[in-house]
Amino acid sequence: MIPFLIRRLAGALLALAAVSFITFLLLATGPGDAADALVGEFASQEQLDEVRASMGLDAPFLQRYLDYMAGAALHQDMGRSLISGRPVARLIGERLPYTVLLTLSALTLAALLGSITGLIAAARPGGWLDLGLMSLTTLGLSVPTFWAALLLIYFFSLKLGWLPVTGAGSPAHLVLPTLSLALPLTAIVARLMRASLLDVKEADYVRTARAKGLKPGKVWQGHILRNALIPVLTMLGVYAGRLLAGAVVIETVFGWPGLGRLTVQAVLDNDLPVVMGAVLLIAFLYQAINLGVDLLHAWADPRVGGSAL
Amino acid sequence: MKRYTHIPTITALIVVLLMAILAMSACAAPTAAPTSGEEAAAQPADLAGTSVDGGVVTRALTTEPSGLDPHGPPGSGQNVILPYIFDTLIYLDGDNALHPFLAESWEISEDGRTITFTLRPDVTFHDGTPMNADAVVFTFERFMELGGKSPVAGGLRNITSVEAVDENTVAFHFEEPSATFFSTIALPYAGIISPTAVEQEGEEFARQPVGTGPFMLDSWEPGVSITLKRNPDYNWGPADVENKGAPYIDAAAFKVIPDASSQLAAFQAGEVDIIFVNQPAHLEKLKQEEGVQLQEMVFNSLVYLGFNTSRAPFDDVNVRRALAHAIDKQALVDIAVGGVGQPACQFMASTLPGYDPALCADDITYDPEQAKALLAEAGFTQTDQGQWERDGEILQATILTSTRPPNGDVATMLQAQLAAIGVPIEIQQLDSRAVLKTATAGDYDITLWRYGWNDPDVLNIYLGSDRIGRTNRSFYSNPAVDEIFAQTARELDPKARAQLYVEAQKLLMQDMPWIPLYEPVNIIAISGRVQDAVIGPMGRVLLNDARVKEQN
């Protein structure tokens, strides 16, 4: 267990270092920098150079990178936004709760709804309910998120007047973004759950369990469901990381103040410290979630657990 | 196998959870009644349908400003909100005429090197600090120090010192007369700020701005909204509004909605009252809605095709004029812009001084035959394929423009019109900043661009030869034009200055470094529940007179 954790943590640190370097490289060597964004359309080259120097953007790339990493790693100082001058930690702190809230609610909804759908569909494979539900999931997967979002707005906000179009702050504001975000994920979970259930239902250990006279309910709970959930769990873990990285489209359509919008705006402004802070945080969360999923996986499937831990 | 479908515990769990979800959304719904904020709930019911004091007017914002310090970096969207919080010394109305604002009057010395403002004696900042000569001196010294790098400060360049003569008198001293001074100090970036607040808050001032405006900051929810509340002590409204006192409404809110379709939906749902409409399809939708007020805004804007006059063959005036003859501006406006604009016939936007209807007679008209004749005169011969060739080089060009609508449609239409006379055109669309960078470096043939400025100085900025390598991206240089521009910079008499610009334009229209295409019309939609919102200069919507009509 302990060596496993150490190995995983070392891997995670390496991944973080790689992410930070590549992000920094892309931003620092790409066209334009924050000085362009700051001085605006009418500035002269001299003004631009002056601003650039005052922000330390004229230093060599490697030196800037090492300075940044030293500040971040040794002093836990994520720096300040080059555009607004506000501390990066605060900018991200303002947005993170919204992103976590939306991610968790979408994930929960998708996990529940998807599992139930998969379960119902797997109960009578090939039946009309199965066919109907699986066609629905195909629809859910192929509808572009922003379009689904606009449809939801049209019905629930404009036609029915039940829910607000944009903003955040009340539970009502959470409903439409959650639904839009959960829609494709629900479809994926449903399909995976169904496939996985059908798989497990035919497994040898299930037949054995039945053969030894276990009640159907017990077979479902103890053998089929638990095993069928393993691939679903893994997938949800991967997806959680993706959702945390920012559901930019959904955030934009619903005016949701999440990390994605902050990051995209920072990229447009070449606001390097903000982008770095956001990307590193997301990479960290991603690693943490994956580690969690691995541990969960090991718990749910003792066979995997033995070899992984 | 089918008998294994019985799964009681899980079914029960599902039902409970589904009910919980339904219950949550049902409970949540009433709190989300599609009105914007706390409307005057205390008003008696029989007033419904009439104007009542109080209420909130909400405006949609596409980007959230990074801060509300007038001296912060320009271009982050704060100029929409600044005028509500800060007042300026003078007020420039939609026709670009000057009016007193925080300054009651002003005097220009004989030599034009000293301008003395007499301030209103009765003005206080939101924090109670009196607005006096010291505050004005503080503001401008900070502006020149912090905003010195900012282009907005160009009009303050010649100031040698700002002096508090007495409690209510401020003198600006200049190295030489500066004609752009007045339009600069009317910009939202030149709002007068509270010295005590800056001192106390330091860099937090950008998040807690304190001015003398009709509204003051109430709350700022990052990424969601900025809410201003009415300044009850306000008594110094600008020229364009009737109510010089405190606003009738309780609050003005700004809601961050990055997506244009969502803005429209939020408007239709009544969540926001004011949106900027920049898509013809959205305009059509809004036209069909009852009660929506669609108003035109003045941005002193012009859309033009700018040549890189340092690059052959566009260094040849005949080629530039030939291409101008090939363009049907009316068709461009009707088709590519959806009719929301006016064909332009000169370099100056029609709302700026220096615009002269008489100049339109000199404009190059749509005449493809004349275009071909001019190309022949420039030494081009037409090939069998209908293209134009000179010294083995085919006449062709790339139009560089930004990805903002409707640039793509306009460029495509221009491509078709120029192809009709045998000039193949390619289109390159980049984001605005990349376009500027590429154009400043001179790495382009023709650019499709738009200006919007509150002073005729915009022509000096874009076409003065001393701005080559910066804002003169046409690399245009004509000593006669430069000479006139130099005079305009010193001329403080508005009439004489306008006349100088007319003279400059006569020369420009011979040289054609640009082809003026059209003046865009910008529409703002205001909800039927808001009455008497006043459209000010440069896209401002003044809410001093506004009242909210409660709908039944």
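A residue is called buried here when its relative accessible area is under 20%, exposed when over 50%, and partly exposed in between (1.4 Å probe, protein chains only). By this criterion, 54% of the 552 residues of chain B count as buried. The model is a predicted one, in which local features need pLDDT of at least 70 and side-chain atom pairs count only at pLDDT 80 or more, while totals for chains, interfaces and linings use all residues. Residues are numbered from 1 along each chain as its sequence is written, chains are lettered from A and ligands numbered from 1 in the order in which they are written, and side-chain values use heavy atoms, with hydrogens and water left out.

Chain B comprises 15 helices and 27 strands, taken as DSSP runs numbered from the N terminus (helices H or I, at least four residues; strands E, at least two). Among its contacts (heavy atoms within 4.5 Å) with a separation of 6 or more, 69% join residues 24 or more positions apart.

Leaving aside residues up to four places away in sequence, B:Gln417 touches B:Ala326, B:Ile327, B:Asp328, B:Ala331 and B:Leu332. B:Phe138 belongs to helix 3 (residues 133-146) of chain B and, at 26% relative accessibility, counts as partly exposed.

Turning to chain A, helix 4 (residues 61-75) has 15 residues and reaches 21 Å from its first C-alpha to its last, close to the 21 Å expected (1.5 Å times one less than the number of residues). Its buried residues are A:Arg64, A:Tyr65, A:Tyr68, A:Gly71 and A:Ala72. Viewed down the axis of helix 4, these fall within an arc of 130°, so they line one face of the helix; the arc is that of the directions from the helix axis to the C-beta atoms. They pack against helix 1 (2-29) and helix 13 (272-300) of chain A. The face turned away from this buried side carries the exposed residues A:Asp67, A:Ala73, A:Leu74 and A:His75. Just after helix 4, A:Gln76 takes a positive phi of about 50°.
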